[in-house]
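Please load the model in your viewer and keep the selection tool handy. We will take it one stop at a time.

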Amino acid sequence: MARYDSVLDTIGNTPLVDITELLPNQRVRVLVKLEGVNPAGSVKDRAAKYMIEEAEKDGSLHPGQRILESSSGNTAAGLAMIAKVKGYPFTAVVPENVSAERVKLLLAFGAEIICSPAAEGSNGAMRRAQALAGEHPDWWFSFQYGNPANPKAHYEGTGPEIWRDCPEVTHFVAGLGTAGTIIGVGRFLKERNPAVSIWAVQPPAGENVEGLKSLDEGFVPPVFIDNDGYSLLDRSRVVGPRESIEWARRLTSSGIFAGLSTGAAMAGVAAARVARQMESGTIVALLPDGGWKYLSTDVWSGDLDEVVERAGHELYF
Amino acid sequence: MPVEVRLPTVLRPLASGEAVVKVEGDTLREVFQDLVRQYPGLSESLFTPEGDMHRHLNVFLNDDDVRYLGRLDAKVGAADTVTLMPAVAGG
């Protein structure tokens with residue numbers, strides 16, 4: 001059935017594609033869940049839809065009320081699209097060093113954009129949004145880092161889809177940003193089979209955040225802490241831009257045009273295979289978005305060293 | 001065992017501006033202790049008053065989060081790299 005009453009009904013139910021051929025050990029199957037096919041282009045459409053619709057249900061979001069969120073781009077894109085469809089005005093606080101495509105996508109859906117300093121990263125954007133929420137109590141702040149509807153979207157959507165399509169899954173690998181995906185999917189899969197291993201990958205995003213005055217200004221999302229994320233995970237790795245870019249390029253051999261955070265997830269898969277020297281198993285990796293929003297960074301066509309250097313200055317996660 | 005520790009921008013002022021520091025230790029705890037011996041100002045950024053790791057500090061041993069390798073008891077070897085990063089969000 002490919003006929004829908006609303007584009008919002010097309011969020012989720014994303015394809016799971018076998019890319020085992022790309023990896024050397026053919027005894028371990030690797031499948032990737034392509035979240036870039038969601039209507040606003042990323043896995044964050046799921047959380048955006050759940051956050052808005054849960055707030056509509058509990059009465060905290062009223063018709064015509066302004067929605068506010070901070071985001072490095074993908075969550076804002078999802079919220080902007082859904083807000084447009086449902087008739088809510090939307091304000092996004094976005095670090096000024098996100099890719100040009102992300103900003104233009106937000107403008108396409110009519111979002112108001114407030115830029116936060118690049119040096120402060122996503123944390124700075126979040127602090128600015130929290131301040132704005134305080135100044136405008138009539139706005140509805142979705143606060144993806146602490147909103148239970150974020151992991152719920154994955155507990156009720158992404159997790160069951162993976163279990164339905166691949167009940168033989170032994171490892172799940174995903175990026176760690178708000179922690180919504182890894183908490184929701186991880187909890188669901190572990191409840192079905194406690195032996196499933198949950199692996200997080202993250203970019204070295206904090207290494208060079210120059211606006212941070214001390215470690216006390218750091219931030220661990222309440223979504224992660226409240227759901228005992230440290231206990232849920234079996235392993236967590238940091239993946240640098242070079243590995244991410246190399247994997248984004250390699251994925252094109254399977255016809256997959258994936259973004260940099262996607263490349264990071266794939267590097268995690270590669271590490272999982274090598275480190276554990278698995279005899280057999282089935283890894284599912286979640287690829288958060290497509291490559292469209294990264295085209296201006298020449299990820300696929302530029303000199304690798306130059307692209308890696310540039311990626312170090314641009315926020316892509 | 002000689003180990004290299006990479007410091008994030010936010011911690012470098014507490015280590016005379018150094019980005020990479022050479023230390024000695026067979027466990028992460030010993031690595032941190034040698035780091036504090038060289039740069040006492042780092043103590044509060046590495047340890048809580050109870051002696052555990054600072055809650056906003058992510059520590060990676062050759063790219064692997066040490067929380068899943070035994071935390072402060074994680075074994076380190078020669079040529080290993082310990083990378084410290086502040087916890088920041090994405091999304």
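Select helix H9 (residues 241-251) and helix H11 (residues 304-311) of chain A: their axes come within 9 Å and cross at roughly 125°. Axes here are lines fitted to C-alpha atoms over the stretch in contact, with angles from 0 to 180 degrees between N-to-C directions. Helices (H or I, at least four residues) and strands (E, at least two) are DSSP runs numbered from the N terminus.

This is a predicted model, in which local features need pLDDT of at least 70 and side-chain atom pairs 80 or more, while totals for chains, interfaces and linings use all residues. Residues are numbered from 1 along each chain as its sequence is written, with chains lettered from A and ligands numbered from 1 in the order written.

Now show the side chains at this crossing: Pro241(A), Arg242(A) and Ile245(A) of H9(A) meet Leu304(A), Val307(A), Val308(A) and Ala311(A) of H11(A). Contact means C-beta atoms, placed from the backbone, within 7 Å.

Next, pick strands E4 (residues 90-95) and E5 (residues 112-116) of chain A, which pair in the parallel sense over 5 bridges; pairing takes at least two DSSP bridges. Look for Val94(A), opposite Cys115(A) in E5(A).

Finally, display both chains: 34 residues of chain A are in contact with 22 residues of chain B. On the chain A side, helix H4 (121-135) and strand E9 (235-238) each supply at least two residues.

Note on methods:
Contact = placed C-beta atoms within 7 Å.
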